[in-house]
Amino acid sequence: MEDFKIVDLYWNRSENAIIQTKLKYEKMLCGISYSLLGSSEDAEECVNDTYLSAWNRMPTDRPIYLGAYLSKIIRALSISKFRSQHRQKRGGFENLCDELDDCIPDNCSIEEQYQNGRLTELINRFLEDLPEEKRVIFIRRYFCSDSVEQISSRMQISVSKVKVSLHRMREELREILEKEAML
């Protein structure tokens with residue numbers, strides 16, 4: 001079923017909306033959540049919470065890409081769950097934040113940049129300008145939280161190529177943020 005029809009089902013409060021969403025997006029949603037949490041049970045719980053959230057908060061400007069809308073929800077729920085489970089531990093998501101932390105210039109208020117939408121705009125433009133392979137590597141690492149090994153296997157490239165690509169992209173992003181966002 002096409003996304004706009006599923007969104008219409010949500011707006012009509014039809015329980016079929018959840019069924020159709022499960023059929024089309026459950027595997028993708030489980031994958032995103034599992035890559036962040038490492039637990040099938042926790043991932044399943046986040047998937048169910050995603051359906052509930054979509055049911056309760058389907059925006060009035062009806063999403064064109066339902067998959068992207070649901071991905072954003074499940075990612076936020078999974079990160080929140082991860083943080084609550086690992087308050088005192090370091091690893092996983094926290095290590096990804098540390099990797100990206102090097103991209104943020106010292107003179108920058110990241111919260112302020114994020115709140116006014118400028119950071120999102122710059123990162124989106126950065127991603128649009130990347131060749132497809134690099135864009136996929138960046139998104140798989142920092143949005144889907146795939147390990148370097150998972151990316152290497154999925155894309156059939158060497159681990160060292162993934163590491164070098166990520167390092168160079170972080171450097172490029174840092175230069176863009178220093179030049180444009182933080183002046």
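**Exercise 1.** Is Cys30 buried, partly exposed or exposed?

*Solution.* Start with the scale: buried means under 20% relative accessible area, exposed over 50%, and partly exposed in between (1.4 Å probe, protein chains only). Cys30 has a relative accessible area of 27%, so Cys30 is partly exposed.

Before going on, note that this is a predicted model, where local features need pLDDT of at least 70 and side-chain atom pairs count only at pLDDT 80 or more, while totals for chains, interfaces and linings use all residues. Residues are numbered from 1 along each chain as its sequence is written, and side-chain values use heavy atoms, leaving out hydrogens and water.

**Exercise 2.** Find out how many disulfides the structure holds, and why Cys30 is in none.

*Solution.* First, recall that a disulfide is a pair of cysteine sulfur atoms within 2.5 Å. Next, look from Cys30 to the closest cysteine sulfur, which belongs to Cys46: the separation is 9.9 Å, too far for a bond. Cys46 is likewise in no disulfide. The count is therefore zero disulfides.

**Exercise 3.** Describe where Asp3 sits and what the Asp3 side chain reaches.

*Solution.* Begin with the helix: Asp3 is found in α1, residues 3-11 (helices are DSSP runs of H or I, at least four residues, numbered from the N terminus). Then check accessibility: at 12% relative accessible area, Asp3 is buried. Finally, follow the side chain, which reaches the backbone nitrogen of Leu66 at 3.0 Å. Leaving aside residues up to four places away in sequence, Asp3 touches residues including Lys24, Tyr25 and Leu66 (contact means heavy atoms within 4.5 Å).

Definitions and conventions:
Helix = DSSP H or I, 4+ residues; strand = E, 2+ residues; numbered from the N terminus. Polar contact = N/O pair within 3.5 Å; in protein donor to acceptor, adjacent residues only side chain to side chain.
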